[in-house]
Amino acid sequence: MELALAAIAQMVGGEVIGDPQKTVVGAAAFETAAPDQIALAGAPRYLKQIDGTRAGALMVPLKFEAAGRNLVRVGNPAAAFAHVLSVFHPLPRPAAGISPGAAIGGGFSVGLDPAIAPMVFIGENVTLGDRVAVYPGAFIGDGVFIGDDATIFPNVTIMRRCRIGRRVILNPGTVIGADGFGFAPEGERYRKIPHTGSVQIDDDCEIGALNTIDRATFGKTWIKQGVKTDNLVHIAHNVTIGENSVVVAQVGISGSTVIGRHAVLAGQAGIAGHLTLGDNVTVGPQAGVGKSIASGAVVSSGLPAMAHRTWLRVVREVPRLPELARRLADLEKRLKTLEEEK
Amino acid sequence: MELALAAIAQMVGGEVIGDPQKTVVGAAAFETAAPDQIALAGAPRYLKQIDGTRAGALMVPLKFEAAGRNLVRVGNPAAAFAHVLSVFHPLPRPAAGISPGAAIGGGFSVGLDPAIAPMVFIGENVTLGDRVAVYPGAFIGDGVFIGDDATIFPNVTIMRRCRIGRRVILNPGTVIGADGFGFAPEGERYRKIPHTGSVQIDDDCEIGALNTIDRATFGKTWIKQGVKTDNLVHIAHNVTIGENSVVVAQVGISGSTVIGRHAVLAGQAGIAGHLTLGDNVTVGPQAGVGKSIASGAVVSSGLPAMAHRTWLRVVREVPRLPELARRLADLEKRLKTLEEEK
Amino acid sequence: MELALAAIAQMVGGEVIGDPQKTVVGAAAFETAAPDQIALAGAPRYLKQIDGTRAGALMVPLKFEAAGRNLVRVGNPAAAFAHVLSVFHPLPRPAAGISPGAAIGGGFSVGLDPAIAPMVFIGENVTLGDRVAVYPGAFIGDGVFIGDDATIFPNVTIMRRCRIGRRVILNPGTVIGADGFGFAPEGERYRKIPHTGSVQIDDDCEIGALNTIDRATFGKTWIKQGVKTDNLVHIAHNVTIGENSVVVAQVGISGSTVIGRHAVLAGQAGIAGHLTLGDNVTVGPQAGVGKSIASGAVVSSGLPAMAHRTWLRVVREVPRLPELARRLADLEKRLKTLEEEK
């Protein structure tokens, strides 16, 4: 594929500085781009060393100038460059059509231009929108609905009656709609609580590889529009995550917690159950969140790494902290007495 | 399905207050149940607002009264309600029979009423009990034994010679019996230690989605009766977990550790290797357990989340804690001297 | 299989003390080995209780003596014993040949003695070396290369153009080459950044079960020779891990971080992005690493578990640490004044 800078500028709402007829055949990294490729120079550190790239064209911020270079100037160079990359590298799809090697149940409804690979299992009464791509090893349970332009990568499991929105991407190995972790104690034993609900993932979400998003006890576990999760994320039954929130790798969210829109949960954070996290909340890496968080708040926890020898001495003192505090208060009182007696 | 309250009461060992001939067609949540459904009102907060539900019948504790309502009174309403739910919502199964689309090795022994889906792989000399359900994408290795009424969900892997008990549920994507993480150092390199043992999961266990339970170096990794694990749990080689213990999501248990019965390991906790945790132990979320724990003990670790600004100041002080303690002791000595000289 | 001690000694570069014609039919644990098996007695605790085993032969350190026992003395008994174990228990393989139940794309190149199971999907232009074993449920994307003697266990996903070295083992359910977690903000929304790079795993690596190793944005995510990862490990886009490093279960490594050779990252540690960890670094369990680490350093973080009652009091004091430090400094000043005024 070959694109003229004029076409690229139109696509991203930018303007060409230099030769609008200049064509590029790909998009690449700043350091390695060739003269027939476009690269991103969005951040100051790239703009300062603009001579350090052989790229034939550069996606740059508005007003940036570089004599003799072909530039596409745009308000949000990073997003514009991602856009161009997606034109050169569209999401891969299995071969067009419905493979005879797929096993498909009764009551199947499928839209235009499906790409269903062999070794796909589709249960009863499944509905797929237009241009849905399903890779080998995917399991799609009874009554599942998948919207237009969704991509289901290999070895994904979607259990019965879950609902997947348009343009959703489910990365390999992810499990949607397994039963939530709910048991009723009966003496020392636990009796399984059947999970009659489902999972709904709204449009434009991308769910990472090897995620688990459990079905609700009743009602639904709900991932709202535009949410992005990284790999190995656990989302328990009846959780709701608001629009455009970001959940980084290995985060765990316990049951019935509600998270607002545009939140960021950093890697390995753990969120207890039945909490409310507001909009635009930021949770630091490895944080253990045991209380609800107001909108806009930034919370952290966990110790950053230190030399192991330091750590050994620190952790000996940590359990003595309350005693330290008590001794300090005692000293303050006694010193005050001495000072007053002077 | 329609059930009279009299039948429900008999099933759960309860008594009907109101109309024993009243029938319900389902069980639902307190807030959303319809007049032809039964709901759970086990906890005081529901009992106090009993008029807040439209449910046609309620599962309630013994002695609870509510004039004009149909009640099923029982000693353990939550467990009784789970029981009723499981009658209305039995665990789903693939189509009855053995699909011709399954690949089945020699020496296969299978009990009554199997439900083996297409795209299931079963190795040599596998034995399945009665009514075993195996979903698409499951791999069952050579010599595996699976007991009556077990359910193997999609894309589960069970490696050679592992033993799965009766009524066990393996949720999607879980891996049973991969080699443990054992290597012998040889200079800077590591030589793989073959794992000749296996994994045994006893009756009535439920293993969550995307768990890894590694096979033993020698002998067996052993999950005893009634253990329940949540999603993304890691259980290393040669671990033993006692009866009816509960392992919450993303917990990791290192090699050769032995955990007693009826323990609770909360989410994201990490347990070091070669430890002994007694019966009825509780480990808090994100706790790092480096020492054995006596029966009945409750241990915790990790900092709860705090405002990020506070956290930034706190973590600067933490490595100075030993110095703080030393300075405090010095102050105490000097102050004592002053006080005595008075 | 039957092996004479003389043959075993030759295999591991050791010497026989006792009867070199004595044969063993297997290798087993010290405590359970039978008279026709060899066991390992490498560590002092075993050497001290050498009469506690019925093993017919023992792999022991150089110079160790035990009258009347058949010994194989060797410099590194643990590695030698692992070697012997691997002879008695070679890595299992699917049935020889290419199953007609595998789906194989065009441009397929395969070496000698493949073992490709049914229900394997192989895309276009895939190259496999000699003796590659691929288990059911594995997905091998377009343009993937897999070296000689590699083993791909069930339900593994290898996305397009990734490169797997010789003798590599990918344990069940692992996902190699899913897109990295990269998005360009566009207002509140996020635009997906296509990932045009790949993953390269060099010779002799073993990747645990249910790992995720993401493909690079540009270039490659690179796991160098001899790296071993445990289960449920996450390795983000553009990470490099040096030769013979060890990554324990549930570790997460964020994007673009570079780790040196022969490092050890203990369980559940989290490493932030864009860091450099040197050679021979050791990171403690559950550590949160936010800064680069020099070669040879040992770092830790996280609190070890303590009684929950202690913990409740400790965590109340932790956020007050900066205030405690300030009050301590104030006391020191005031006490000094008093002392000088005496």
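The structure is a predicted model, in which local features need pLDDT of at least 70 and side-chain atom pairs count only at pLDDT 80 or more, whereas totals for chains, interfaces and linings use all residues. Residues are numbered from 1 along each chain as its sequence is written, chains are lettered from A and ligands numbered from 1 in the order in which they are written, and side-chain values use heavy atoms, with hydrogens and water left out.

**Relation between the chains**

- Two copies of a chain are related by a rotation about an axis and a shift along it.
- Chain B is superposed on chain C by a rotation of 120 degrees and 0.0 Å of shift along its axis, with an RMSD of 0.1 Å.
- These superpositions are by least squares on the C-alpha atoms of residues with pLDDT of at least 70 in both copies.

**Interface of chain B and chain C**

- The contact (heavy atoms within 4.5 Å) takes 71 residues from chain B and 66 residues from chain C.
- About 5,400 Å² is buried between the two chains, and carbon and sulfur atoms give 68% of that area; buried area is the accessible area (1.4 Å probe) that two parts lose on being put together, summed over both.
- B:Phe181, B:Glu188 and B:Tyr190 supply 13% of the area that chain B buries against chain C, more than any other three residues.
- Across this interface there are 25 residue pairs in polar contact, both residues at pLDDT 80 or more; a polar contact is a pair of N or O atoms within 3.5 Å, and within protein one must be able to donate a hydrogen and the other to accept it, while residues adjacent in sequence count only if both atoms are side-chain atoms.
- Among the elements of chain B that each supply at least two residues of the side touching chain C are strand E22 (183-186), strand E23 (189-192), helix H4 (308-317) and helix H5 (321-341); helices (H or I, at least four residues) and strands (E, at least two) are DSSP runs, numbered from the N terminus.
- H5(B) gives the largest share of that side, nine residues.
- By class, the side of chain B that touches chain C has 38 nonpolar, 20 polar and 13 charged residues.

**Salt bridges**

- Four salt bridges are found across the interface of chain B and chain C.
- C:Arg261 pairs with B:Glu188 in a salt bridge, with the closest N and O atoms 3.2 Å apart.
- B:Arg327 and C:Glu332 meet in a salt bridge at 2.7 Å, N to O, and this pair crosses from helix H5 of chain B to helix H5 (residues 321-341) of chain C. B:Arg327 and C:Glu332 are both buried.
- C:Lys192 forms a salt bridge with A:Glu206, the closest N and O atoms being 3.0 Å apart. The pair runs from strand E23 (residues 189-192) of chain C to strand E25 (residues 206-207) of chain A, and both residues are buried.
- A network of salt bridges links A:Arg160, A:Asp179, A:Lys192 and B:Glu206.
- Within chain C, C:Arg191 forms a salt bridge with C:Glu186, the closest N and O atoms being 3.4 Å apart. C:Arg191 is partly exposed, at a relative accessible area of 23%.

**Two residues of chain A**

- A:Gln286 is found in the loop between strand E37 (282-283) and strand E38 (288-289) of chain A, and counts as buried at 15% relative accessibility.
- Leaving out residues up to four places away in sequence, A:Gln286 touches residues including B:Gln286, C:Gln268 and C:Gln286. A polar atom of the A:Gln286 side chain lies 3.5 Å from the backbone oxygen of C:Gln286.
- A:Leu170, in strand E20 (residues 169-170) of chain A, is buried, with a relative accessible area of 0%.
- Neighbours within four places in sequence aside, A:Leu170 is in contact with residues including A:Ile152, A:Phe153, A:Val156 and A:Ile201.

Conventions: Buried < 20%, exposed > 50% of the residue type's maximum accessible area, 1.4 Å probe, protein only. Salt bridge = Lys/Arg side-chain N within 4 Å of Asp/Glu carboxyl O. Nonpolar A, V, L, I, M, F, W, Y, C, P; charged D, E, K, R; others polar.
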